[in-house]
Amino acid sequence: MSNGNLNLRKAVEALRQRGLDGLIIYSSGTCSILHASYLHYFSECKPLGPHNAALVSKAGDVALLVEPPWDALRNSRISWISEVRGSADFTKDLLAIMRQFKITGSVGLVGSREMTINIYSAVEHKASVVSADDIIEEIAREKTPDELENVKKTARIADLGFNAFLEHSRAGIREYELVAEMEYAMRRAGADDIFILISSGEHNYEMHEPTDRRLRKGDIVIGEITPICEGQFIQLCRTVVLGKPSPLLVEKYDMLLKAFHESLKTVRPGSPAGALSQAMNKVISDAGYAEYCYPPYMRARGHGFGVGSIAPGAVIDDDTKVDLQENQVIVVHPNQYLPETGYLACGETVLVTQDGMERLSETETRLYSKEV
Amino acid sequence: METRQPSLRIGRNVWDPINMPEAEFQQRVREIRRKMKQRGLDILLVYSNGFNDCGNTCYVSNYGIRLPRGVLVALPLNGEPVLFFEGSSRGLPFAKTTTWISDIRPCGDVAKECAKYLSENNLVSSSIGLVGLKHQMPHRQFRSLAEALKECTVDDADSMLQDLRMVKSQRECDQIRRSSRIVKHVFDFLANAAIPHMNETAVEAAIYREARLAGAEDVRILFSNPGEDQWALRLPEDATVAEGQTFIVYLAAAFERYWAEAIRTFVVQNGSFEEPELENAEALFKRIADEIKPGKAVSQFCGEAIKEIQEDGFGLISEYGFGGGIGLSLNEPPAITQVHANDLKEGMCLALRLALKDKSLGGIMTANTLVVKRSGAELLTASVGTLNKP
């Protein structure tokens, strides 16, 4: 996914346009499903330590500072940035590079949301700090062919995760054992991180991390299956019934499928993201569940996924005004708590295309059942 | 050891009150309050964020951070503690199964919610102890909370909890023993398994599976090939594990919040991981571990370890240090360095590491989790082959 020189050129251009002396792209080493990984996007560095940053000067100098010191070698191999420094005293080393790069007047700070007070204050003491997440968001808006290939690769891995979910969902297996098998299938296929939430029972309230609970005949097993490759998340929301599903469950799931398909019809460039939520909520509301479409029961009907940007955002609800754009990756999920059936998982990740959208997964979004 | 944080802890998340009963937390709270009283604190605010250092809030509440978001426990000198977590109210029923604290408040911003709580309880002009906030809370939240605390007397109380956490109770040692069992199990598996398609991704996936099936809540893996010109521990890559290659595996596993870690050096032979004959290094590790005694200064122990290595003619790879405390976090005090002021104490749990230069293998790394007992160190993760046996 190396696009380093182009990213650097665009970043320097943005600095000049804004009259900034430099840019700090910071990461606390956390990786969140609902936030972009700016440092990873820009530098291809997957941080290990608690403080890491890339620094760019308006003259085009660039350096990568990582903790712990011994992780510099790995990052010098994977990052396009040639100057990689390991650090045992992040704040001191960060300020030294700022001095070296003559970042003394004003500095754009990307990822400041994660920065602790001690480091932020130290930077603020040396230069006027301007929040600059949008510089990377803007660069990331245009996806490269390699990024799109990674999106599709990750989607294929999500399918494998679902296959394992279906194969191993059986009476007697514990939730954490089921998740272990799903994780194994996806890591073996190349996922470098896994996000799975799950729940099992006759009436689920939410998805959570796996417990000791053993699956039983009659259980509704729900899962958010989300492999991550090179910072790209792709999600499938699936429901499997152990045994023959009741007519009531089939009826309610069909209603969610209708909501899902109505929602997908709104997905195209230029359409407000909120339209997909409204379409979904209309179907569910028309079925008599309006109050269950909104907090405290439900809120987000989807969100964006991406490495450098999660546009159109971390929450797509009825009020999301921002327009969808080509090549955005969004999960559309009418996951829903219903009083008769409990929480049901339904949905998948799609790519916004020039004409509408492309479903990324091969497995069908439907209610699955297994003979017990 | 610093390792990459996952986006979510996807392993078994269970609070087993047989292993860690509520009485254990009540005892901790009593001890914390005794120290609060000594320092004249009306309330303690304990904050954690992320998966690598969420031990402080977990120590008080047993609540495990599920996503990399903030958690804050407000512990008043008198009255019930409150747990704030950043997440939706839908997460409340599950959160209740993992903590003894009954007043749990999901929210969008723990700093704002905590400020509101302090105001509602007339604590805005009290004496407040802060744990974890300066080092972990994002600056915007810290500033908004600091604004709410401007009439308070604020005391940096990190060391207060640090001192308590450094020496483990019997139940904590037992939990670390359980996580050590997972680490041992995985290394036993590696030493006996024939892994098809010997590449790092496949080995990593197999390790994760074994650890998860054994109940690991969180797992961290680093590999290294010391046969390369330049090498360091690193994340697994999509690379072939070659016949004859030296292969170093760092593994940490958490069980019901508590971590254990170990490192092993293997040589790949006939498609499986063999432990090379490392009698001298093995004897050296044992001698160093034998130097661990309650009452000895950490700095003195560290000096003795360096001397042992020099006397044996080994070259020390110093970047990884000798390790340090382990428990609710992978990296806890005391750090085993020549400048650490604390003494070794009975009940401390440590990850003891040794990284050595080796002409034939390129490098040797070994590490074990241990508990400091009255008689010395008991290695909890040692079982594979000959290396690292106590």
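What we have is a predicted model, in which local features need pLDDT of at least 70 and side-chain atom pairs count only at pLDDT 80 or more, while totals for chains, interfaces and linings use all residues. Residues are numbered from 1 along each chain as its sequence is written, and chains are lettered from A in the order in which they are written.

Let me begin with the sheet, which in chain A is open and mixed, with 6 strands in the order β4-β3-β2-β1-β5-β6; strands here are DSSP runs of E with at least two residues, helices are runs of H or I with at least four, both numbered from the N terminus, and two strands pair if DSSP finds at least two bridges between them. Because β4 (84-86) and β6 (128-131) of chain A each have a single partner strand, they stand at the edges, and one side of each is left without a neighbour in the sheet.

Further in, β1 (residues 22-27) and β2 (residues 52-57) of chain A run antiparallel and are joined by 6 bridges, and A:Leu23 has A:Val56 in β2(A) as its bridge partner.

Turning to the contact between the chains, where two residues count as touching if their C-beta atoms, placed from the backbone, lie within 7 Å, we find 46 residues from chain A and 49 residues from chain B. On the side of chain A that touches chain B, α3 (72-78), α5 (117-126), α8 (175-188) and β7 (193-201) of chain A each supply at least two residues, and α8(A) gives the most, with 8 residues.
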